[in-house]
Amino acid sequence: MKAVFVKGHSAVSVDDVKVPELASAGDVLVKMRACGLCGSDLEKVYGEYGMTSGRLGHEPAGEVMAVGKSVKDFAPGDRVFIHHHVACYSCHYCKHGDHTMCPSYQTSNITPCGLAEQFLVPEWNVSRGGLIKLPDSVSYDEASLVEPLACCIRAWNKCNFQKGDDVAVIGAGPAGLMHVLLAQAYGARKIFVIDINDFRLKFAEKYGVQAFNPMTDQDLAAKIRPATEGRGVDVCIVATGSMKALLQSFELTRKGGNIMLFGVPPKGSQISYDMSKLYSNEQSIIPSYAASEIETNEALKIIAEKQVDMTSLITHRFDIAKAADAVKCAHEAKDAMKVIVTANS
């Protein structure tokens with residue numbers, strides 16, 4: 001079977017590898033049908049990814065091919081969403097709701113990765129909710145967007161958002177626009193989107209937001225504050241790893257407002273900022289990394305109930321044999337929003 005791996009900086013390869021075998025009675029073998037490419041995948045290939053896992057593809061949906069002897073809730077032919085990292089739900093971190101900080105979260109994974117024609121879902125994941133059956137109303141393409149939407153939902157759950165609040169999203173990539181869709185679903189009053197990619201800004205405007213390019217729109221605070229009764233936005237989502245964007249968020253966010261650090265900062269990222277301003281303005285910087293099964297189930301429900309139109313974000317599909325082209329397309333983002341890799345043979 002084919003699987004995709006990082007092969008040095010800016011390079012991936014599609015290798016022929018053996019189909020993984022069921023290693024325990026609780027394992028499940030899944031055939032990938034659709035897997036989205038994420039910004040963190042691109043960071044692993046082109047940047048300096050700061051987290052532990054270097055595997056590509058953590059947004060897979062597929063069809064169960066085989067199950068271990070002790071598996072009761074799944075059978076060959078079931079359509080499923082698969083979560084690659086799964087917490088223990090019993091340690092100190094999990095008891096405090098910090099599931100993505102659980103030591104078992106990073107060590108759990110699917111084999112060899114989500115960007116593979118078939119992969120093994122270990123008993124650990126299966127027994128703790130990391131494998132979820134799909135309703136008939138949810139396509140594989142939609143299911144491949146469950147994980148990134150779940151990450152966005154977890155971020156919103158931290159933000160103390162209230163209906164009628166104003167929101168800015170810095171970074172108009174796929175995750176940024178998922179935040180836009182959620183902001184609309186949650187009842188935001190005004191939504192501002194900021195990016196330096198004109199294609200993505202025009203794409204964002206289709207959702208009725210106000211879009212700005214900081215390369216040409218000077219002094220964004222002077223444009224956004226009057227539209228928010230002089231305050232600034234209540235919630236600013238930084239959906240990019242750019243430290244310039246993080247610094248910009250301080251100027252766009254109201255006193256007492258929340259700044260969501262959502263994009264993955266490259267290793268070694270630093271900022272210089274007058275912390276007395278942060279203190280006197282009582283702005284909160286809230287990082288949010290990944291999601292747990294709590295949010296993945298919530299994301300699947302939102303998608304199944306058509307509360308958001310996730311398929312509107314998909315612009316490109318590539319067969320897994322062309323995965324290198326898919327990665328390049330997503331990275332260059334000349335005319336791409338969400339890029340999906342499929343394995344239908």
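Let's start with two helices: α1 (residues 39–46) and α13 (residues 323–332) have axes that come within 10 Å and cross at roughly 105°. Keep in mind that this is a predicted model. An angle from 65 to 115 degrees counts as roughly perpendicular, so that is the label for α1 and α13. On the α1 side, the residues that meet the partner helix are Leu42, Val45 and Tyr46, and on the α13 side they are Val327, Lys328, Ala330 and His331. Sort this contact by class and you get five nonpolar residues, one polar and one charged.

Now move to another helix pair, α9 (residues 220–227) and α10 (residues 243–252). Their axes come within 9 Å, with a crossing of roughly 40°. That makes α9 and α10 oblique to each other, and the crossing is right-handed. From α9, the contact uses Leu220, Ala221, Ile224 and Arg225, while α10 brings in Gln248, Glu251 and Leu252.

A pair of aromatic rings is described by how far apart the centres are and by the angle of the planes. Counting rings of Phe, Tyr and Trp whose centres lie within 6.5 Å, the model comes to seven aromatic pairs. Take Tyr105 and Tyr289: the ring centres are 6.3 Å apart and the planes sit at 80°, so this pair is edge-to-face. It ties together distant parts of the chain, as Tyr105 belongs to helix α3 (residues 103–107) and Tyr289 to the loop between β13 (284–287) and α12 (293–304), 184 residues apart. Tyr289, at 21%, is partly exposed, because the buried label needs a value under 20%.

Phe199 and Phe203 give you a pair with a tilted arrangement, 5.9 Å from centre to centre and 55° between the planes. Both of these residues lie in helix α8 (residues 198–205), four residues apart, which is about one turn of the helix. Phe199 has a relative accessible area of 25% and is therefore partly exposed, whereas Phe203 counts as buried at 8%.

One last stop: look for Trp156, Phe161 and Tyr186, which ring pairs link into a cluster.

Notes
Residues are numbered from 1 along each chain as its sequence is written. This is a predicted model: local features need pLDDT of at least 70, side-chain atom pairs count only at pLDDT 80 or more; totals for chains, interfaces and linings use all residues. Side-chain values use heavy atoms; hydrogens and water are left out. Axes are lines fitted to C-alpha atoms, for helices over the stretch in contact, and angles run from 0 to 180 degrees between N-to-C directions. Angles under 35 degrees count as roughly parallel, over 145 as roughly antiparallel, 65 to 115 as roughly perpendicular and the rest as oblique. A crossing is left-handed if the near helix is turned anticlockwise from the far one by less than a right angle, and right-handed if clockwise. Contact means heavy atoms within 4.5 Å. Ala, Val, Leu, Ile, Met, Phe, Trp, Tyr, Cys and Pro count as nonpolar, Asp, Glu, Lys and Arg as charged, and the others, Gly among them, as polar. Rings of Phe, Tyr and Trp (its six-membered ring) pair if their centres lie within 6.5 Å; planes under 30 degrees apart count as stacked, over 60 as edge-to-face and the rest as tilted. Buried means under 20% relative accessible area, exposed over 50%, partly exposed in between (1.4 Å probe, protein chains only).
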